[in-house]
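Hello,

Here is the structure you were waiting for. My notes on the ligand site follow below it.

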Amino acid sequence: MPLNRDDLLELDRQDPLADHRDAFDIPEGVIYFDGNSLGALPKAAKGRVREVVEQQWGQGLIRSWNEADWINLPQRLGAKIAPLIGAQPHEVISADSTSVNLFKLAAAALRIQQQTSRERRVILSEPGNFPTDLYMLQGLCDFAAGEPELVTEPADSLIDRIDESTALVVLTHVHYKSGRLHDMTAITRRAHECGALVLWDLSHSTGAVPVELNDVGADFAIGCGYKYLNGGPGAPAFMFVAERHLSTLQQPLSGWFGHESPFDMRDDYAPAPDIRRVLTGTTSVVAASLFEVGLDRFRDVDMFALRKKSMSLTEHFIQLVEERCPNAGFELVSPREPQQRGSQVSFAHPEGYAIVQALIDRGVIGDYRSPDILRFGFAPLYVQYVDLWGAVEHLADIMCNRLWENPQYRHRRQVT
Ligand SMILES: Cc1ncc(COP(=O)(O)O)c(C=O)c1O
């Protein structure tokens with residue numbers, strides 16, 4: 001039976017997460033399918049930013065490092081991220097960007113390996129991993145001691161490529177373009193059997209797909225704050241270090257915030273005895289405070305209910321696009337099996353860029369990833385089932401009437 005709008009309204013009525021939508025400011029007339037790129041604004045963020053700027057900064061001035069506890073923001077946020085990724089609170093901390101954190105933890109992992117074997121030189125990733133991950137690893141290989149080498153292997157054969165030469169496996173759990181999920185358990189197990197370490201980029205998982213880092217025995221993880229965690233544009237990122245590595249881990253960006261006693265102002269670096277040793281410099285307090293608002297939304301969220309809704313949203317979206325736009329030339333790039341994809345659906349189409357622009361012009365916001373991918377992200381806290389109907393109505397109209405041919409939709413903007 002083809003889906004109709006009433007079916008979707010009924011799913012919204014039954015949705016146990018439905019009440020969360022009202023906690024977000026989504027502009028009237030907008031259907032927002034880009035929470036995998038930039039999460040929506042939690043209404044409470046407005047009051048929080050006013051409090052931090054006007055009270056804590058404006059009135060409290062420097063005193064707020066102690067009185068408003070700015071100094072412990074990184075650990076406090078980390079403890080709130082921990083339950084979303086199956087970690088203990090003292091294994092997670094928020095700071096810097098995902099790119100910088102990847103560099104720090106990958107370098108730390110290489111250092112661990114170099115202490116036992118000079119032969120393990122391979123950092124293994126996949127071609128087409130998120131560009132910054134590959135770029136940071138290329139940069140690290142150029143600078144690090146011991147001549148590490150970045151090797152990429154396609155996802156399907158990656159697990160078999162892990163061997164005794166592998167120092168570190170670095171993968172994005174949910175692929176940013178296709179939405180395909182890696183088998184975290186199997187890859188981590190295989191890496192450990194071969195003596196390799198594993199660093200997971202959870203940018204497209206955290207807040208959308210339940211992750212159990214300690215159950216799978218992961219060594220390290222990093223991830224973004226501004227996507228499904230709704231931390232705001234440029235929100236700080238996070239790092240996870242498994243407890244067993246915490247007391248010995250050495251990272252290269254050894255700034256004063258990672259020192260055991262920063263305000264002793266000593267000349268010599270001595271790392272903090274805990275997760276703070278992965279910190280570098282001063283916290284971006286306004287951004288971190290906003291991030292906390294996003295995280296507080298997840299306090300009582302059952303991640304398995306969230307995953308269930310996410311799979312159902314993506315499933316219904318694929319069905320609707322295929323029913324309503326059957327000969328439009330869309331090729332499903334995401335896995336068809338819901339268990340194998342994250343909270344996004346990607347289609348390839350040669351006119352992908354123009355189609356996405358035409359949708360955005362009508363208030364249906366997804367994004368485009370070169371060379372031909374239309375990407376739609378479904379943040380289960382605020383996307384409604386009925387939004388799927390509205391979005392696909394517009395898409396069908398754009399395709400049937402070739403509205404994407406309008407030259408204004410071909411103008412490439414800096415951010416796609
Ligand atoms: C998988 C992945 N890693 C990292 C990043 C971005 O890192 P940064 O916040 O350092 O720009 C993104 C951004 O979209 C991403 O998708």
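Which residue has a polar side-chain atom 2.6 Å from an oxygen atom of the ligand? That residue is Lys227. The model is predicted, so local features need pLDDT of at least 70 and side-chain atom pairs pLDDT 80 or more, while totals for chains, interfaces and linings use all residues. Residues are numbered from 1 along each chain as its sequence is written, and side-chain values use heavy atoms, without hydrogens and water.

An N or O atom in the Asp201 side chain is 2.7 Å from a nitrogen atom of the ligand. Thr98 uses a backbone N or O atom, 3.4 Å from a ligand oxygen. The protein buries 84% of the 390 Å² that the ligand exposes when taken alone (Shrake-Rupley method, 1.4 Å probe).

The shell holds 14 residues, counted when a heavy atom lies within 4 Å of the ligand. Ser99, Asp201, His204, Tyr226 and Lys227 are the closest. Helices H5 (98-116) and H6 (131-143) each supply at least two shell residues; helices are DSSP runs of H or I, at least four residues, numbered from the N terminus.

The unreviewed UniProt entry lists residues under "binding site", among them Thr98, Asp201, Trp256 and Thr282. The listed residues span 185 residues in sequence, with the farthest two C-alpha atoms 30.4 Å apart, so they do not all gather at one spot. UniProt annotations may be inferred rather than shown by experiment.

Regards

Note on methods. A polar contact is a pair of N or O atoms within 3.5 Å; within protein, one must be able to donate a hydrogen and the other to accept it, and residues adjacent in sequence count only if both atoms are side-chain atoms.
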